[in-house]
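Work through the exercises below with the sequence and the coordinates at hand. Try each task before reading its solution.

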Amino acid sequence: MHRSPKVSVIMGIYNCEDTLSESIESIINQTYKDWELIICDDASTDSSYKIACHYAKRYSNKIIVIRNNENIKLAGTLNKCLSIAAGEYIARQDGDDISLINRLEKQVDFLDNNLHYMVVGTGMIPFDDLGENGIRIGKPEPRKEDIPKNRIFMHATIMMRREAYMALNGYRVATRTRRAEDFDLWIRFFAKGYRGYNLQEALYKVREDNSAFARRKFKHYTDLSLLIFLACKTLKLPIKYYLFMLKPLIIGLCPTLIVRNYHRFKDSVINEKSI
């Protein structure tokens, strides 16, 4: 069957049976209808793959499901989605998060009317079983100098032009980019001279419970520190930006509760500024 959707939504999933249906349905219920959803199961050991296949059967003209024979992590999984994505624009979605009903519509409208931008992100609303925890709104137009500060785009919210994804060869699969595949992508994005924008409203709900913070091991923070060094070197940033290499190391040494409270404090400050 020939596919020519405007938007391809790519979703890598792994053991998210409790949240996957709600996530998929948040795409199905979008006000914007010219989309396809490509789901790649990364060798889940629960019923995630079965749930995804159930939706693919119900929406056979909209949803495609593929599966990895072994667990290869997010970067490789997203690259498999990209290899079959047919859309002019490619959006991200995680299997435990929720897109607000008009997310795709607003992002498509922005890219259609702002041809000089290659990617558009949105703000996000962190939540857990107890409810929502503030709002995160990114800088409207991040620059390369914002990369060491990790104030760029919120990866799960982005919609990127297909041509940019292809020019960047998708995600880099490497040990140093584990859990930081998006950070590496932005280094290469700005090295290409591309520009992006963050819509100043939250159109995406990101699930952040205690286990989400606990999964962030110290090695992931050391990898991020090394990537900050790479960003400064690749983008020829002034020496002062190298100091941001210390931030992920400090955060990585802090107890999980402190890290979570820090993020909640940041979100509450951002929310107050937006009122």
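The model is predicted: local features need pLDDT of at least 70, side-chain atom pairs count only at pLDDT 80 or more, and totals for chains, interfaces and linings use all residues. Residues are numbered from 1 along each chain as its sequence is written, and side-chain values use heavy atoms, with hydrogens and water left out.

**Exercise 1.** Describe the chain as a whole.

Solution. Step one: count DSSP runs, taking helices as H or I of at least four residues and strands as E of at least two, numbered from the N terminus. The chain has 10 helices and 9 strands. Step two: apply the burial cut-offs (buried under 20% relative accessible area, exposed over 50%, partly exposed in between; 1.4 Å probe, protein chains only). Of the 275 residues, 51% are buried. Step three: take contacts (heavy atoms within 4.5 Å). Among those with a separation of 6 or more, 82% join residues 24 or more positions apart.

**Exercise 2.** Determine how helix H6 (residues 181–191) packs on helix H8 (residues 218–234).

Solution. The angle is about 5 degrees and the axes are 10 Å apart. Step two: classify the angle (under 35 degrees roughly parallel, over 145 roughly antiparallel, 65 to 115 roughly perpendicular, the rest oblique). H6 and H8 are therefore roughly parallel. Step three: list the contact. H6 contributes Phe183, Asp184, Ile187 and Ala191, while H8 contributes Leu224, Leu227, Ile228, Leu230, Ala231 and Thr234. Step four: sort these by type (Ala, Val, Leu, Ile, Met, Phe, Trp, Tyr, Cys and Pro nonpolar; Asp, Glu, Lys and Arg charged; the others, Gly among them, polar). The contact of H6 with H8 has 8 nonpolar, 1 polar and 1 charged residues.

**Exercise 3.** Which residues of helix H4 (residues 103–113) are buried, and where do they lie around the axis?

Solution. Step one: the buried residues of H4 are Arg103, Leu104, Gln107, Val108, Phe110 and Leu111. Step two: their arc, taken from the directions from the helix axis to the C-beta atoms, is only 160 degrees, which puts them on the same side of H4.

**Exercise 4.** Is Leu130 buried or exposed?

Solution. Step one: Leu130 sits in the loop between strand E6 (119–128) and strand E7 (131–132). Step two: its relative accessible area is 83%, so Leu130 is exposed. Step three: Leu130 and Asp209 are 79 residues apart in sequence and 9.3 Å apart in space, C-alpha to C-alpha.

Note on methods. Axes are lines fitted to C-alpha atoms, for helices over the stretch in contact, and angles run from 0 to 180 degrees between N-to-C directions.
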